[in-house]
Amino acid sequence: MTASNASFRVELASREGNDYFFKIYAQGAAGSAAEISVNGTALLTATVGGSASGVISDTTHPFTVAQGGAYQFRLTASERPDFAAGSPSFTVEYAGQIGSDYFFKVRAIGKPGDGCGFYINKEPAPVAVATIA
């Protein structure tokens, strides 16, 4: 399995007998696309997602945070976005701005196993989901 350009990275995740499982990671800017092929045959075209509001997050994949630990998001936007946790298991604190980059620190205050989506500008879908380890 391959990607036609650097907008996506393809990695072999595992193999079970004759079955191969791959992970596809978005690396390009929101809206960039790449053709994903298997043994040289085009399978699909993947497009890097982005926020409908034009805000770009440095984190768009599921991640874990240790109980009591913190993680920092970098959101790139023309003005300070609204950023919120979807559950009381995490708190969100504005951590500053450098140029067009806005930083938000999230703290895992819930129990191990709790999950939480993070939302930009009240969009219906989370930009990322975290689980407390």
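Q: What makes a nonpolar surface patch in this predicted model?
A: A patch is built from residues with over 30% relative accessible area and no salt bridge, and nonpolar side chains are joined within 5 Å. In this predicted model, L12, Y20 and F22 make one of about 300 Å².

Q: Why is Y20 called partly exposed?
A: Partly exposed lies between the buried limit, under 20%, and the exposed limit, over 50%. Y20 has a relative accessible area of 45%, so the term partly exposed applies. Y20 lies in strand β3, residues 19-26.

Q: How do you know that β1 pairs with β4?
A: Pairing needs at least two bridges. β1 and β4 (residues 33-38) are joined by 2 bridges, so they count as paired, and they run antiparallel. A3 has I36 in β4 as its bridge partner.

Q: Why are β1 and β5 said to stand at the edges?
A: The open sheet has 3 strands in the order β1-β4-β5, paired antiparallel. β1 (2-3) and β5 (41-47) each have a single partner strand, so one side of each lacks a neighbour in the sheet.

Q: Which residues touch the most other members of the largest nonpolar core?
A: That core has 19 residues, and F63, F73, F83, F90, F118 and V127 touch the most other members. Two or more residues come from each of β7 (63-65), β8 (70-76), β11 (101-108), β12 (115-120) and β13 (128-132). β11 gives the most, with 4 residues. Beyond four places in sequence, the contacts of F118 include F63, F73, F83, F90 and V127.

Q: Which residues does the second core include?
A: This separate core of 5 residues includes A34, I36, A46 and V48.

Technical notes. Residues numbered from 1 in each chain as written. Predicted model: local features only at pLDDT ≥ 70, side-chain atom pairs only at ≥ 80, totals over all residues. Heavy atoms only, no water. Patch = residues over 30% accessible without salt bridge, like charges linked within 9 Å, V, L, I, M, F, W, Y side chains within 5 Å. Areas by Shrake-Rupley, 256 points an atom, 1.4 Å probe, with all protein chains shown as cover. Salt bridge = Lys/Arg side-chain N within 4 Å of Asp/Glu carboxyl O. Buried < 20%, exposed > 50% of the residue type's maximum accessible area, 1.4 Å probe, protein only. Core = buried A, V, L, I, M, F, W, Y, C linked by side-chain atoms within 4.5 Å. Contact = heavy atoms within 4.5 Å.
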